[in-house]
Amino acid sequence: MSKIYEDFDSPSRGYGTKNNKNNNNNNNTSIYGSGKIDGSKMTFNKHDANERYRALSILKDLIGASRDLALRDKSCYSDDEFLYRFLFARKFNVTEAFQLLISYQLYRQKNHELLQRLCVLDETIQMALRDGFPSVLKSRDRRGRKVLVFFASNWDYTQYSLLTVYRSMLLTLEKLLESKENQSNGFVVIVDWTNFTLKQSAHLNPKILKMMIEGLQDSFPVRFKQIHFIGQPWFVEASLAVIKPFLNSKTRDRIKLHGSNLSTLHEMIARDILPPELGGEGPNLNPLTWYHVLLESSQINAPPPHYCI
């Protein structure tokens with residue numbers, strides 16, 4: 001494992017230490033170490049333990065001083081592990097991490113019902129997970145990213161809605177984000193649309209799709225590095241065209257449409273980690289594997305704090 005994860009909890013620097021206000025601010029390193037200050041932006045080196053601690057301290061200062069209604073409850077102030085998610089998601093740019101935290105809390109408040117009883121014991125979430133929404137590959141890709149896989153044709157819309165699929169994905173991401181390596185490296189998503197029907201596509205609720213984009217793209221501390229569509233029929237491409245205006249340019253650039261050409265997928269993701277269902281050389285994909293991971297975790301770990309999904 002990379003040294004960034006080995007020394008992450010090094011006690012070389014305490015949290016929340018006060019900066020010396022009398023230092024000369026003309027040098028960018030005077031208060032914030034080697035963090036680069038560009039106007040109101042502050043970016044720190046995630047590979048340096050001291051830099052990470054400084055970034056965390058400044059983020060806490062921003063939270064403590066904030067009068068934004070989204071942060072009126074400052075309980076998250078003392079949860080270092082939670083706050084690091086936002087720093088990693090914004091490459092240790094403290095200003096952007098702070099804004100993401102505000103967006104996250106606003107999204108939670110706006111979509112309170114979405115996050116109610118968000119646990120693996122929810123019966124509809126269990127059905128979605130058992131159908132592979134999502135499945136998580138055992139091995140990482142060559143850049144150390146976890147790979148999430150969806151076989152869209154498995155969706156039984158008569159038993160659970162698109163909203164449930166979204167809830168299942170949020171639950172999965174919440175578990176995966178416990179890992180600093182996942183926070184730093186991000187994720188790859190593969191959606192196989194083979195045999196997905198026009199009747200199924202009629203249940204792709206535009207309102208829910210917009211909610212998903214607002215959450216996954218703009219509000220949650222998660223980095224999707226690649227999104228691969230394979231076997232997509234024309235009506236899925238039509239749906240994608242409808243939601244594209246809601247996607248930012250970075251997200252649009254990361255969506256790759258492969259159609260039936262798996263060779264282009266294999267150019268980006270090595271075949272040895274992919275299951276045979278995706279033309280790979282890895283083990284068969286069993287959706288129950290990830291379901292059982294979440295089930296076992298729910299029996300061991302305490303519920304998440306109220307400021308977290």
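## Reading the packing of a predicted chain

Tutor: Among contacts in this chain between residues at least 6 apart in sequence, 74% join residues at least 24 apart, where contact means heavy atoms within 4.5 Å. The model is a predicted one, in which local features need pLDDT of at least 70 and side-chain atom pairs count only at pLDDT 80 or more, while totals for chains, interfaces and linings use all residues. Residues are numbered from 1 along each chain as its sequence is written, and side-chain values use heavy atoms, with hydrogens and water left out.

Student: How many helices and strands does the secondary structure of the chain come to?

Tutor: Helices (H or I, at least four residues) and strands (E, at least two) are DSSP runs, numbered from the N terminus. Here the chain has 14 helices and seven strands.

Student: What percentage of the residues count as buried, and what area does the chain expose?

Tutor: Buried means under 20% relative accessible area, exposed over 50%, and partly exposed in between, with a 1.4 Å probe and protein chains only. By that criterion, 51% of the 309 residues of the chain count as buried. Accessible areas come from the Shrake-Rupley method with a 1.4 Å probe, and for residues only the protein chains shown count as cover; the chain exposes about 15,600 Å², of which carbon and sulfur atoms supply 50%.

Student: Which residues touch the most other members of the largest nonpolar core?

Tutor: In soluble globular proteins, nonpolar side chains tend to be buried together. A nonpolar core is here a set of buried Ala, Val, Leu, Ile, Met, Phe, Trp, Tyr and Cys residues joined through side-chain atoms within 4.5 Å. The largest one has 81 residues, and F82, L87, L148, Y166, L170 and F224 touch the most other members. Not counting residues up to four places away in sequence, Y166 touches Y107, L114, M211, M212, G215, L216 and F220. There is also a second, separate core of 13 residues, with V188, I190, L265 and L274 among them.

Student: How should I read the angle at which helix 7 and helix 14 pack?

Tutor: Axes are lines fitted to C-alpha atoms, for helices over the stretch in contact, and angles run from 0 to 180 degrees between N-to-C directions. Helix 7 (residues 162–176) and helix 14 (residues 287–300) pack at an angle of about 65°, with their axes 11 Å apart. That makes helix 7 roughly perpendicular to helix 14, since angles under 35 degrees count as roughly parallel, over 145 as roughly antiparallel, 65 to 115 as roughly perpendicular and the rest as oblique. A crossing is left-handed if the near helix is turned anticlockwise from the far one by less than a right angle, and right-handed if clockwise; the crossing of helix 7 and helix 14 is left-handed. On the side of helix 7, L171, T172, K175 and L176 meet W290, L294 and S297 in helix 14.

Student: Where do helix 4 and helix 5 meet, and at what angle do they cross?

Tutor: The axes of helix 4 (residues 80–89) and helix 5 (residues 94–110) come within 8 Å and cross at roughly 120°, which makes helix 4 oblique to helix 5. The crossing is right-handed, and F82, L83, F86, L87 and A89 in helix 4 meet V94, A97, L100, L101, Y104 and Q105 in helix 5.

Student: What is the orientation of helix 5 and helix 10 to each other?

Tutor: The axes of helix 5 and helix 10 (residues 206–218) come within 10 Å and cross at roughly 155°, so the two helices are roughly antiparallel to each other. Their contact is made by L100, S103, Y107 and K110 of helix 5 and by M211, M212, E214, G215 and D218 of helix 10.

Student: Is G132 buried or exposed, and which residues does it touch?

Tutor: G132 is buried, with a relative accessible area of 4%, and is found in the loop between helix 6 (123–130) and strand 3 (135–136). Not counting residues up to four places away in sequence, G132 touches V149, F150 and P287.
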